[in-house]
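Welcome, and please open your viewer. We will go from one selection to the next and look at what is there.

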Amino acid sequence: MIVGERKPIREILELLGDNTTVLVVGCGSCVTVCLSGGEREARELASILRIRGQSAREVTVERQCEKEFLLPLEKEIEPVQAVVSLACGIGVQAMSEMFSSHRVFPGLNTTFMGMPVEQGLWEEYCSGCGECVVHKYGGVCPVTRCAKSLFNGPCGGSQAGLCEVKPDRDCAWQLIYDRLKSQNRVEELLQVQPPKDWSFSRSGGHRKMSREDMLL
Amino acid sequence: MSWLKDVLESGAFAVTGEVGPPKSPNIQPVLKKVNQVCRHVDAVNFTDNQTAIVRMSSLAGCLLAKEAGADPVMQMVCRDRNRIALQSDLLGACALGVENVLCLSGDHQSMGNHPQSKNVFDVDSIQLLEIFKNMRDRSAFQNGEEIKSPVKVFLGAGESPYADPVAFRAMRLAKKVAAGAQFIQTQAIFDIERFEQWMFEVRGLGLHKKVFILGGVIPVKSARALRYMQEEVPGLVIPENLIHRLEKADDAKAEGVNICVETIERLKEIEGVAGVHIMAIAWESIIPEIVERAGLFPRPAKGAEHNHEDPKRT
């Protein structure tokens, strides 16, 4: 899922500035699951804004990243001065495209693609590099989970199985080594992996995908 | 031709030192440090923005050292440059007669003085070794295009015998050798027993016959400095008894040198260790004393072909 974290209230108020009639729009997908931008959080933010003197209402759509879910919002958005989207960056942009005469402010910082690893804790698992190689690494992504995206083994700084950069994170290479060892596949790690083709990643520029069979 | 390579191939126990370039364009500290150490080492490393702190570029330091008569080792990290820039800088180094290159991943920028910066890590250190090896041996860039003039480079890599997963460390060295490493400068050794264990594994894989391994040492001035390294520097293992020795010593600096010299004496006895790499961080002036007391002075004398060499004309 896409994981996000709500911006501090102070920052949201600064963004809103003189706009006093506000619609807070939650999203029923990923950010609902990571408890940062769903119906409950939208209701919460709208009441905080009201306490701070704004005229705020809230509404939540099933998926802000698909325009057909946004169409019914037209009437609610028309009278307000500004919109605060609690969706990920995709939802904020979809809203901005749909309602281009309105200012749509992000109420969330989109942080990463990841998953909940325990109650109240989410971790990044994928960078969307465009060419998945996790099968070579025991199902652990070195691009994302190694701070230096190393493809050929751990750096010289991991200790006690933890990352030198963020010592509260597992060293991805410790996980990779342990996983492959348990599968009796450690010798596969001896092969020198050539440089990655980053042209499929964001480095290759803005990405698009088309499916001929699905195009109308 | 690389003097360091000549010394290692002659079978002599090699000595390399390290110079951290200044945080300014002032060449005086570079020349001063090079002059302090150059008679006592076979080659001098120039770090590449180590600990992710902005300093004079390694290549500039190498050129200054070269002009002062030393054989420089250019350190290159993957943190700040993609494969375009890395290959470009290797061509530049060759053009200027800098022939030893040490390929490293690089300290993460979050540890340095510009933690807001974006890192690169287009390739890792092992991939960098392979790219440079192919530039030299196949006259080919990473994309396969031909390089019209020969690339001369003596390729090195780092290795930490202490970092986790420990069971993978010797295998990782094997990968570096397969990728093109001809010499290795290790992370600083304080726990000699664990280093010996790693060398045992390295010999088991026959790697000591394929690559020159220089053991890294750091002379420390105080117990506090050693404690700091124990707690803060990733990839180091520092036994408590060394810290106690420095705490009890009347002259901690002298004791730090004693420990360093003793470590080198031990390294000289380990089968497969081809030399020592002395990283006297901000204490380059101590290198001559260490080298002399370790019985490694005088250094092999350079032949005529290594003196007053002007690479631009050859």
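Among contacts in chain A between residues at least 6 apart in sequence, what percentage join residues at least 24 apart? The value is 54%. Keep in mind as you look around that this is a predicted model, with an ipTM of 0.94 and a pTM of 0.95.

**Stop 1: chain A as a whole.** You will find eight helices and seven strands. Of the 216 residues in chain A, 39% are buried.

**Stop 2: helix α8 of chain A.** Now select residues 172–182 of chain A, which form α8. Which residues of this helix are buried? They are Ala172(A), Trp173(A), Gln174(A), Leu175(A), Ile176(A), Tyr177(A) and Leu180(A). Then step past the end of α8(A) to Asn184(A), which has a positive phi, near 55°.

**Stop 3: the cores.** Move to chain B and select Val44(B), Val101(B), Cys103(B) and Phe132(B). Within the largest nonpolar core, which has 94 residues, these four touch the most other members. Center on Val101(B) next. Beyond its neighbours within four places in sequence, its contacts include Met74(B), Met76(B), Leu90(B) and Phe132(B), and also Val153(B) and Leu155(B). A second, separate core has 34 residues, among them Val24(A), Ala46(A), Val80(A) and Val84(A). In soluble globular proteins, nonpolar side chains tend to be buried together.

**Stop 4: where the chains meet.** Show both chains. Here 27 residues of chain B are in contact with 27 residues of chain A. On the chain B side, select α5 (125–137) and α6 (169–179), each of which supplies at least two residues to the side that touches chain A. Which element gives the most to that side? It is α6(B), with six residues. Color the touching side of chain B by class, and you get 11 nonpolar, nine polar and seven charged residues.

**Stop 5: confidence in chain B.** Finally, color chain B by pLDDT. The mean is 95, and 97% of its residues reach 70 or more. Select residues 308–314 of chain B, where pLDDT stays under 50. For this stretch the model has three contacts beyond four places in sequence.

Note on methods: Residues numbered from 1 in each chain as written. Chains lettered and ligands numbered in written order. Predicted model: local features only at pLDDT ≥ 70, side-chain atom pairs only at ≥ 80, totals over all residues. Helix = DSSP H or I, 4+ residues; strand = E, 2+ residues; numbered from the N terminus. Buried ≥ 20, exposed ≤ 12 C-beta atoms within 10 Å, placed from the backbone. Contact = placed C-beta atoms within 7 Å. pLDDT = per-residue confidence, 0-100. Core = buried A, V, L, I, M, F, W, Y, C linked by C-beta atoms within 7 Å. Nonpolar A, V, L, I, M, F, W, Y, C, P; charged D, E, K, R; others polar.
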